[in-house]
Amino acid sequence: SSLNRVHARARTHSGRAQAWSAQRVRGRGCAVCGGCRCRPGRWSGCAASAAMEVEVAVKPQRRLVSEVALDYGLAFFDDHPSGIRLASEGLQCLRRAIDELSASPTWTVLLEGHCPGNLEDNDDILESVGEEAADLCKEQLLREGVRNDIICKGLGSTEGLGMHVRLSLVEPDAPPTALAPAGPPEAQPAVEKRQGDVIWGQVFGQIVQPAEKATEAPTEVDDMPIPDLEGLSDGERLPLLEELVLRALPSGGIEFDANNSQILEMNMPLVRRLVYVLKAFPDFGLQCAGHAKGKPADNKLMKRVLAQDRALALQDALRKEGVMNSIACVGFGSALGRGNCVRVHAMMPGQADAEDAELMVLGWNTGSLSIEQERESLNQLLQEALERGLSFEPNKATIKLEAAPTVRRVAWVLKAFPTWTVSCEGHTKGKPEDSNDMKLQLSLVRAEALRSALEEQGVQNTVVCAGHGCAKGLGMCVQMCAVDPDKEMIIPDLSGLSEDERRDSINELLAQALERGIDFEPNKHYLPPSALGLVRIVARVLKAFPDVAFRLEGHAKGSPQENNEAKRRLSLGRAEAVRAAVKLEGALNAMLCVGEGSALGRGAGLRMLVVDAEELRASEVKVPDLAGLSREAREEVLNELLETSLQKGIDFEPNSSEVPLSGMEAVRNVAKVLQAFADFDLLCEGHAKGQPAENNAAKKKLSHQRAQAFKTAVLAEGATSCNIKCVGRGCEVGLGTRLRMFVADPKQALEGIVEIPDASGLSREEQEKLLNRLLSKALEKGTITFEPNSVEIEITVADTIAELARILKEFPDFAVRCEGHTKGKPVDNNAAKMKLSQARAESVRTALQKLGVAHRLECAGRGCALGLGMCVRMFSVELGDPSEPSPPGAPGAGAPAA
């Protein structure tokens, strides 16, 4: 609509302005500058002619090459969405200019787009029309093979020149003023008179001296210390490099201006931060993925070339800074909808030099996309991968060897979107009326041949093949596109069926959904990314029948005679993984997970069936009626139920505290029990393998972490009103790897708990003293400790953090200082110790904020200046002067770590 308004406003100017443009193209414009309306031999009106008699010995920084007239009107919308058309005369002008552009490959091409109108009529809309005209010429130059950097600018009607594009060459390393529009003659600034060279009729009277290069500020890299890499494998170094690259480029890449491939000066500090990281990993590769603004469906050659140029610009900047890493550059255009940027990704040694290196980490560029964005990007990338066609042997389904690169590109695209089902449609030569069964069969087997080739490349997507013969008249080709998730499976209306018929129909739908299976890694229960598409289909079926309960069976490889506890636990963990994933997709049906192992000889897989509610309840822990029971009797019942729920144990991985999925049934049972006994304080004991004589701090820590992880899982299942205290016993009592939960002794329940008196009647000064005393007492009962040389708080002090949060919430009006200290004598204090103690204090603040503390918490790192050892002190500070440190003997100093 805005373009239509431009046409309406500019109609009175277009005839005259386009006539002048055509005259200049045919050689009847100004012979001096080409930018005014003076006729040949009449230079008195041209400001440029005044500089012809003076001499200049300086090389020009910008020269006019050509001016191109374009057609513009409502009649040309069929040729281009902007209503602009590159006429034959204009096309010839561009082709004549290409020779000069090829002779100056390092010079930048500047395309200035003009449109009809007067200077006073100019606005953003007219300038955008001018930029569209410049973009149209840029597309043509790229098609003709021009490889210069090309910059497009829209000047609208600022010079009243009508619809045309002025093409100029700008010298390499010219200052930004060389890219500024020339403007009308009266707008040129006064310059010292010098004789100028005449090149293509343009006089260069204004020479802009390059600005002095500013002194570069040192790059800030204090927040990116390079860790000690000695002795680490490449696989261990890669995550460290990825983390450092993300710190160097917090947004994930470098931003660019629209229609520009030059790195902005404001982004050079980011480039130098990246240089600092890459020089520490010289053997690793880097992928620079260029992107352009727009929707995936709007992607075209111009956008891909611009994106590629941006990636190459970053590569050049890194090379100039001395980076020698292998770099793979790729231009996605707007296919992924990432905007004007270059995103950077680390690669293993040798990967950047490999074939198809530019697509190896395509999946990293697709992260955080919505389902709709994924669908659009996948379709666009498949279209681009197949745009050169896929060649087959005549009348055969054999893919020619020359088509192997196309197959690999399609494979990399699908690997980046492993959850999607795609359709693969084969077509043959011929007119639609010539289609027959033989052509249909040939097109189908060709589609299936491509699917087989993709599977050989490791593609795990579901590929649905179809053959259309020549019914659509597309010629010999294969087309692929994403299948809408809502259309992958048609769910029928079962409302009129009997109970048995409904059950059978739902079971058939689930069997169909699970038919392709899930490719679990050997002896692993985690879902691979390729399984998410299947999970979405299963979730759609379950959500269509929310009142139905299901039995989800996991099965493992092997014969029934080979079944054992390990196989049963593995298959149960896989069933629980699918249950959790389906729940995340919104399917909240009741589900019973069962690990059958290899008992039924079904091989590795899953089966899902409708189950009766009675069968579901039979597997759950039954909580009896507690009405009329004394507290002592209820305590006895609770301990029995907890022991029953944990009877099967939790099969933790060696040296791991993560609750395995095979233990989620125990988690749910414990949570259900605790919801019926919310008024009891509980103790959760973790135990580790070993004899009592082998107990040590490491075993105690691991067992405490396991108890804490189980507690977190139980709370996540809804048992939020219970007070659970965790203890790590290690192998102190020789019970092996297990968890125990029981009602805590009153003394144990109060251990570590600080009694908070009523402070409502106290003055502010008295409240402050009380707060400091309570904080000191909490820190005396539970010192905050950290992992060695780390800011990570040890899990064993979670109760202390919770107690500090409880105290602070009772005194919301006070600002509090959190002061970190490290081991060492005061004379040993240094910047590293100060920085570590500051970071530890900030870790405590973050942990308190996660628990809902909204105080003003000031952090300070004192290193070992006070000789208190590794500890954290907390005390109130005056609101007006929170920076005043507390003396060593101040209240609330807390006990130093042993």
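This is a predicted model: local features need pLDDT of at least 70, side-chain atom pairs count only at pLDDT 80 or more; totals for chains, interfaces and linings use all residues.
Quick housekeeping before we start. Residues are numbered from 1 along each chain as its sequence is written. Local features need pLDDT of at least 70, side-chain atom pairs count only at pLDDT 80 or more, totals for chains, interfaces and linings use all residues, and side-chain values use heavy atoms, with hydrogens and water left out.

Okay, the sheet. Three elements to look for here: S17, S16 and S18, in that order, forming an open sheet of 3 strands with mixed pairing. Helices (H or I, at least four residues) and strands (E, at least two) are DSSP runs numbered from the N terminus, and two strands pair if DSSP finds at least two bridges between them. On the edges you have S17, 591–597, and S18, 605–611, each pairing on one side only. From one strand to the next, the twist averages 20°.

Now zoom in on S16, residues 549–555: it runs parallel to S17, and 6 bridges join the two. If you want a landmark, find Arg551, which stands opposite Leu592 in S17.

So what packs on this sheet? Helix H13, residues 565–584, does, touching S16, S17 and S18, with its direction at about 150° to that of S17. Then there's helix H11, residues 499–513, lying across S16 and S18 and running at about 160° to S18. For those angles, axes are lines fitted to C-alpha atoms, for helices over the stretch in contact, and the angles run from 0 to 180 degrees between N-to-C directions; contact means heavy atoms within 4.5 Å.

Next, helix H17, residues 697–716. At 1.5 Å a residue, its 20 residues should span 28 Å, and the end C-alpha atoms are 29 Å apart, which agrees. That expected span is 1.5 Å times one less than the number of residues. At the start of H17, a side-chain oxygen of Asn696 comes within 3.2 Å of the backbone nitrogen of Ala698. After the helix comes Gly718, with a positive phi near 115°.

Buried residues of H17 include Leu702, His704, Arg706 and Phe710; buried means under 20% relative accessible area, with a 1.4 Å probe and protein chains only. Among the elements covering them are helix H16 (664–675) and strand S20 (723–730).

Last stop, the rings. The whole structure has 3 aromatic pairs, meaning Phe, Tyr or Trp rings (six-membered ring for Trp) with centres within 6.5 Å; planes under 30 degrees apart count as stacked, over 60 as edge-to-face, the rest as tilted. Phe811 and Phe814 have centres 6.5 Å apart and planes at 65°, so that pair is edge-to-face. Phe811 counts as buried at 4% relative accessibility, and Phe814 counts as buried at 4% too.

Definitions and conventions
Buried means under 20% relative accessible area, exposed over 50%, partly exposed in between (1.4 Å probe, protein chains only). A polar contact is a pair of N or O atoms within 3.5 Å; within protein, one must be able to donate a hydrogen and the other to accept it, and residues adjacent in sequence count only if both atoms are side-chain atoms.
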